[in-house]
Amino acid sequence: MLIPHPLLGPRDAQEFTYLGDAALLDRPDGMAEGAEAAFFDYTYLRDNPAGLHRELWFHEQGDRSWLVVTRDTVTHEIVSAELASDIKRRGGA
Amino acid sequence: MRFSGLRVIKEALTGHRGWKPLWRNPEPKPEYDFIIVGGGGHGLATAYYLASTFGQARIAVLEKGWLGSGNIGRNTTIIRSNYLLPGNEPFYEFSMKLWEGLEQEFNFNAMVSQRGILNLCHSDGQRDAFRRRGNAMLLAGADAELLDQDGVRAMYPFLNFDNARFPIKGGLLQRRAGTARHDGVAWGYARGADLRGVDLIQNCEVTGFRIEGGAIRGVETTRGYIGAKKVGVAVAGSSGRVMQKAGMRLPIESHVLQAFVSEGLKPCIDGVITFGAGHFYVSQSDKGGLVFGGDIDGYNSYAQRGNLPVVEDVIEGGMALMPMIGRARLLRSWGGIMDMSMDGSPIIDATDVDGLYLNAGWCYGGFKATPASGYAFAHLLATGRPHDTATAFRLDRFRRGALIDEKGVGAQPNLH
């Protein structure tokens with residue numbers, strides 16, 4: 001698989017380490033009411049969709065940036081890749 | 001129809017005209033006491049033990065495709081009980097004991113072959129870990145032997161003992177482990193269930209659950225609504241998709257695992273060998289092909305096919321372990337969808353919906369568990385209580401922090 005890195009162009013997926021669902025960007029507030037349940041959900045439960053999946057890839061053998069890659073889990077087609085830092089800066093997850 | 005040597009001879013002499021289909025192809029009835037979703041190994045075994053051991057009736061198995069079309073049809077056929085943790089090992093040893101009596105039990109040739117599994121170790125630390133695991137196995141009633149390098153050499157002289165980076169120091173041997181004919185297992189359970197009145201309904205996809213007042217009433221399928229008192233879901237890699245229809249999110253990610261088989265060769269590998277320094281394992285099928293595999297690809301997938309980097313990684317492991325494998329040609333490779341759980345261990349439990357039960361999270365170790373998984377799931381469905389060997393496989397263990405993490409890598413499914 002080739003991942004279209006927003007800064008470096010197409011890069012071999014082998015340069016990346018896979019973490020999982022991009023929902024992990026949206027870490028719950030540990031001080032908030034109901035934090036225990038929120039962290040159980042955050043740590044263990046996944047949507048695990050068949051189809052488009054937004055997921056975190058770390059460019060470990062490259063520029064060490066975190067990307068949010070949108071990929072089809074049925075065909076392995078990669079639709080888009082964005083810098084996770086850009087998404088966080090926009091306030092999204 | 002009973003299978004026996006005498007029967008084979010009789011059929012051979014009479015032109016093989018007496019063989020009949022192994023199971024019926026019934027229309028679904030309006031209602032059942034038990035519906036098992038998923039006609040794979042675990043689902044068929046569950047239906048079989050429900051009908052035989054637990055004496056239940058009015059049972060149906062609903063299968064989207066054909067029987068045994070999922071992971072029971074695409075695994076590397078290894079059976080073993082060499083786990084470490086107390087939540088796991090008694091269950092897998094129970095499964096091993098069921099394997100040992102399986103063919104007589106359901107009168108079908110599953111080609112269970114106790115040819116032994118040898119896990120190789122390559123460092124002193126790894127040998128210590130294997131000694132501990134072997135002791136845990138012995139405590140659970142399994143068999144285990146720690147071999148030194150000479151012991152390994154006597155069994156498999158062709159291994160690369162003097163690999164500069166990963167010399168072979170010894171291995172943990174379980175002689176009662178081995179292989180079984182994967183399709184035969186599915187067919188044997190299917191036939192046994194059918195003979196006991198279970199309706200095996202193929203080409204029948206479950207599209208939804210009818211839940212009223214927090215209790216299951218039945219399932220919507222592509223062949224209409226079917227009522228049920230209890231529904232057990234055993235759909236492996238599709239667990240997330242199916243349980244989502246019941247409004248549940250699971251501690252599971254679906255990943256692709258590849259497997260490989262070489263051209264047919266003369267007998268050269270008696271048992272199952274696993275490389276301890278990379279992820280590579282190999283056995284030889286009775287047809288002569290070397291059957292081998294390694295790691296999952298590592299990203300969420302429902303594709304039933306993987307990518308080349310893992311092919312390369314697996315073959316590198318093979319070359320490091322037994323350089324002679326480089327002379328064999330690869331015949332086929334394929335992929336299957338694994339329900340990778342958050343701690344690498346399975347789930348056999350009731351859900352929050354009354355009457356809806358879940359059997360999932362087998363990661364890439366579901367085949368060896370087939371008999372015990374079916375038995376324990378049938379026990380749960382019939383009695384409402386978990387089987388003695390499956391009390392740790394609870395769905396709420398993640399919330400309670402009672403994980404069964406053999407590798408100790410945490411909530412990261414692609415590392416299990």
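Trainee: What covers the buried residues of α4(B)?

Mentor: The cover includes α3 (89-106), β4 (117-121), β5 (145-148) and β6 (170-174) of chain B. Helices (H or I, at least four residues) and strands (E, at least two) are DSSP runs numbered from the N terminus, and contact means C-beta atoms, placed from the backbone, within 7 Å. This is a predicted model: local features need pLDDT of at least 70, side-chain atom pairs count only at pLDDT 80 or more, and totals for chains, interfaces and linings use all residues. Residues are numbered from 1 along each chain as its sequence is written, while chains are lettered from A and ligands numbered from 1 in the order in which they are written.

Trainee: Which residues in α4(B) are called buried?

Mentor: Buried means 20 or more other C-beta atoms within 10 Å of a residue's own, exposed means 12 or fewer, and partly exposed lies in between. F130(B), R133(B), G134(B) and M137(B) are buried in α4(B). Their directions from the helix axis to the C-beta atoms cover an arc of only 105°, so they lie on the same side of α4(B). The face turned away from that side carries the exposed D124(B), G125(B), D128(B) and R132(B).

Trainee: What makes the crossing of α2(B) and α6(B) left-handed?

Mentor: The term applies if the near helix is turned anticlockwise from the far one by less than a right angle, and clockwise would be right-handed. The angle between α2 (residues 41-51) and α6 (residues 182-195) of chain B is about 35°, with axes 8 Å apart, and their crossing is left-handed.

Methods:
Axes are lines fitted to C-alpha atoms, for helices over the stretch in contact, and angles run from 0 to 180 degrees between N-to-C directions. Two residues are in contact if their C-beta atoms, placed from the backbone, lie within 7 Å.
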